Amino acid sequence: MKVFKILNNNAVGSYDENNQEIILLGKGIGFQKKVGEFIDKKSVEQIYVLPTNKREQYVRLVNEIPYEILTHADTIISKATKRLGRKLNDNIYITLSDHLNYALERAKEGLHIRNTLLWEIQRYYKVEYQIGLEAVDYIYHQENIKLCEDEAGFIALHIVNAEMEDTDSNKSSEITVMVKDILNIVRYSCNVEYDEDSLTYDRFVRHIKFFVQRAVSNQLEGQGDPSFYHDFNEKYPEEYNVSRKIKKFVESKTNITILEEELMYLTLHILLITRRKA
């Protein structure tokens, strides 16, 4: 890979084999380099592929944010990807790096921002929150700066946001609140107390989370045999009626119509959470 632009001592611009513009990140990778020189692949620690609509943001990222913060974000993202077993939206490299930079600046000044969604994040996004706690611990060992529990929640929200393409940070907060409201609809309609340590509860929350994410992103679908849905709902009328309440609630918050297939899956998960102890 050849250098076509020097960004700073730790970042240079280049092109990949598909002639896609990229940024190569590495400690001292741009030091005393000249345009046209080759870069040793061993010195490359991170590659940012520059989408056209995000180019300026990536360039600003590597120019304004300390190299160490970028590497911290990359480490956290790599660990999150491994833990979750799925690729995260590339925008998280921008959003998380930017957040960590300002979070550390605030911490140095003794400023604390309260995370109003912390309670919900801890309960509805347990895996992501645990990753956030580990990230806070990692930052402490790297920077000797102790970020608060609220910051673990903010990091978790960035991860939740990155799990779903085309979902911005405002929508991730909206999704968290909607998940809480749906769980309350089921709780009070079915008079059920959740065992938050159970596998059934974890599966239920995860289904609700991705159901709401798809609804907010207008990605819900529905197809199949309507008679099957009818028979299913006739067999479980109470759970189906709760699904109808959720349908009405979600449709009031989004611009999407929830079809019968989605209601069937909602009914099934409500049935599991209210009638099984696992």
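Helix α3 (residues 92–108) packs against α6 at an angle of about 170 degrees, with the two axes 10 Å apart. Axes here are lines fitted to C-alpha atoms, for helices over the stretch in contact, and angles run from 0 to 180 degrees between N-to-C directions. The pair α3 and α6 is therefore roughly antiparallel, a label for angles over 145 degrees.

The model is predicted: local features need pLDDT of at least 70, side-chain atom pairs count only at pLDDT 80 or more, and totals for chains, interfaces and linings use all residues. Residues are numbered from 1 along each chain as its sequence is written, and side-chain values use heavy atoms, with hydrogens and water left out.

**The α3 and α6 contact**

From α3, Ile92, Thr95, Leu96, His99, Leu100, Ala103 and Arg106 take part. They meet Glu151, Phe154, Ile155, His158, Ile159 and Ala162 of α6. Contact means heavy atoms within 4.5 Å. The residues of this contact divide into 8 nonpolar, 3 polar and 2 charged. Ala, Val, Leu, Ile, Met, Phe, Trp, Tyr, Cys and Pro count as nonpolar, Asp, Glu, Lys and Arg as charged, and the others, Gly among them, as polar. An α-helix has 3.6 residues a turn, so residues three or four places apart point the same way.

Helix α6 (residues 149–163) has 15 residues. From first C-alpha to last, α6 reaches 21 Å, close to the 21 Å expected at 1.5 Å a residue. The expected span is 1.5 Å times one less than the number of residues. Of the 15 residues of α6, 14 are buried, so this helix is largely enclosed by the rest of the structure. Buried means under 20% relative accessible area, with a 1.4 Å probe and protein chains only.

| Residue | Relative accessible area |
|---|---|
| Asparagine 101 | 11%, buried |
| Tyrosine 124 | 5%, buried |

Asparagine 101 lies in α3. Leaving aside neighbours within four places in sequence, asparagine 101 is in contact with Ile65, Pro66 and Ile69.

Tyrosine 124 belongs to helix α4 (residues 118–124). Not counting residues up to four places away in sequence, tyrosine 124 touches Trp119, Thr176, Val179, Lys180, Leu183, Tyr201 and Val205. Tyrosine 124 and aspartate 202 are 78 residues apart in sequence, yet 8.2 Å apart in space, C-alpha to C-alpha.

**The whole chain**

The protein chain has 11 helices and 4 strands. Helices (H or I, at least four residues) and strands (E, at least two) are DSSP runs, numbered from the N terminus. Buried residues make up 48% of the 278 residues. Among contacts with a separation of 6 or more, residues 24 or more positions apart account for 66%.

Note on methods: Buried means under 20% relative accessible area, exposed over 50%, partly exposed in between (1.4 Å probe, protein chains only). Angles under 35 degrees count as roughly parallel, over 145 as roughly antiparallel, 65 to 115 as roughly perpendicular and the rest as oblique.
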